[in-house]
Structure formats: structure tokens, C-alpha cells
Amino acid sequence: MTQQAAALQTYNNELVKCIEDLSTKRDELNRQIKQEEEEKERLQHDIRILSEKLNRVEESLAQRLVARATFDRTIAETEAAYTKILESSQSLLSVLKREAGNLSKATEPRRKEQ
């Protein structure tokens with residue numbers, strides 16, 4: 001019976017050691033899980049912050065694009081109006097020169113016919 005008791009004690013010791021090893025591995029795994037959960041929370045927080053920043057930038061960009069389109073339209077309209085003014089000024093100048101020429105001819109002294 002002593003031999004059986006010794007064998008039982010050996011098995012018991014090995015069993016306790018295996019349980020302790022498993023507990024140690026579980027504790028290490030729990031530590032790793034906790035670290036990864038904390039990292040996950042940090043990353044989710046960062047994603048929320050970056051998403052908010054992205055939304056603000058998208059809104060600002062949309063407003064700036066509208067403003068640029070307004071500038072482009074205003075510039076195009078102003079340039080078109082200015083071109084019309086230049087064309088009208090050129091026409092007016094031509095008419096004025098022609099009328100001035102006609103007036104000069106009309107006011108010149110007549111030459112006597114010989």
C-alpha cells in the first residue's frame with residue numbers, strides 16, 4: 001500500500017503542478033486580454049476623435065467649395081460685363097470720331113470755286 005500511496009502522492013503533485021501551470025497561463029492570457037481591450041478602447045476613442053475631425057473638415061471644405069464657386073461666378077459675370085463695357089466704349093469712340101469728322105467738314109470754310 002505504501003507504493004500505491006507514493007504513486008498517488010506523485011500523481012497528486014503532478015496534478016497540482018499542472019493546475020498551477022494552467023492557472024499561470026490563464027493569468028497571463030487575462031493580462032494580454034486586458035491589454036488588448038485597453039488598446040481597443042484607445043483605438044475606438046481615436047477613431048471617434050478622427051471621425052469628428054473628418055466631419056468638421058468635410059463641412060469646412062464644402063463651404064469653401066461653395067464660396068469658390070460663388071467667386072468664380074462673380075468673376076465670370078464681372079469679366080463679361082467689363083467686356084461689354086469695353087465694346088460699348090470702342091463703339092462710342094468710333095461714333096464720336098466719325099461725328100467729329102463730319103462736324104469738322106461741315107464747319108470748314110468753303111473754298112471758292114474757280
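This is a predicted model: local features need pLDDT of at least 70, side-chain atom pairs count only at pLDDT 80 or more; totals for chains, interfaces and linings use all residues.
Local features need pLDDT of at least 70 and side-chain atom pairs count only at pLDDT 80 or more, while totals for chains, interfaces and linings use all residues. Residues are numbered from 1 along each chain as its sequence is written, and side-chain values use heavy atoms, with hydrogens and water left out.

Side chains of opposite charge can pair when their charged atoms come close. The structure contains four salt bridges. A salt bridge is counted when a side-chain nitrogen of Lys or Arg lies within 4 Å of a carboxyl oxygen of Asp or Glu. Among them is the pair Lys17 and Asp21, with closest N and O atoms 3.3 Å apart. Both residues belong to helix α1, which covers residues 2-107. Helices (H or I, at least four residues) and strands (E, at least two) are DSSP runs, numbered from the N terminus. Lys17 and Asp21 are four residues apart, about one turn of the helix. Asp21 is partly exposed, because its relative accessibility is 35%. In this scheme, buried means under 20% relative accessible area, exposed means over 50%, and partly exposed lies in between (1.4 Å probe, protein chains only).

Another salt bridge joins Glu28 and Arg31, at 2.4 Å from N to O. These two residues are three apart in helix α1, so about one helical turn separates them. Glu28 has 33% relative accessibility and therefore counts as partly exposed. Arg31 is also partly exposed, at 39%.

Glu39 pairs with Arg42 in a salt bridge, and their closest N and O atoms are 2.5 Å apart. Glu39 and Arg42 are three residues apart in helix α1, so they too are separated by about one helical turn. Glu39 is partly exposed, with a relative accessible area of 33%. For Arg42 the value is 45%, so this residue is partly exposed.

Tyr82, Ile85 and Leu86 make a nonpolar surface patch of about 320 Å². Patches are built from residues with over 30% relative accessible area and no salt bridge; like charges are joined within 9 Å, and nonpolar side chains (Val, Leu, Ile, Met, Phe, Trp, Tyr) within 5 Å. Accessible areas come from the Shrake-Rupley method with a 1.4 Å probe, and for residues only the protein chains shown count as cover. Tyr82 sits in helix α1. It counts as exposed because its relative accessibility is 52%.

An unreviewed UniProt entry lists residues 12-60 as "coiled-coil region". Such annotations may be inferred rather than shown by experiment. In the model, residues 12-60 are 100% helix and 0% strand. The end C-alpha atoms of this stretch are 71 Å apart.
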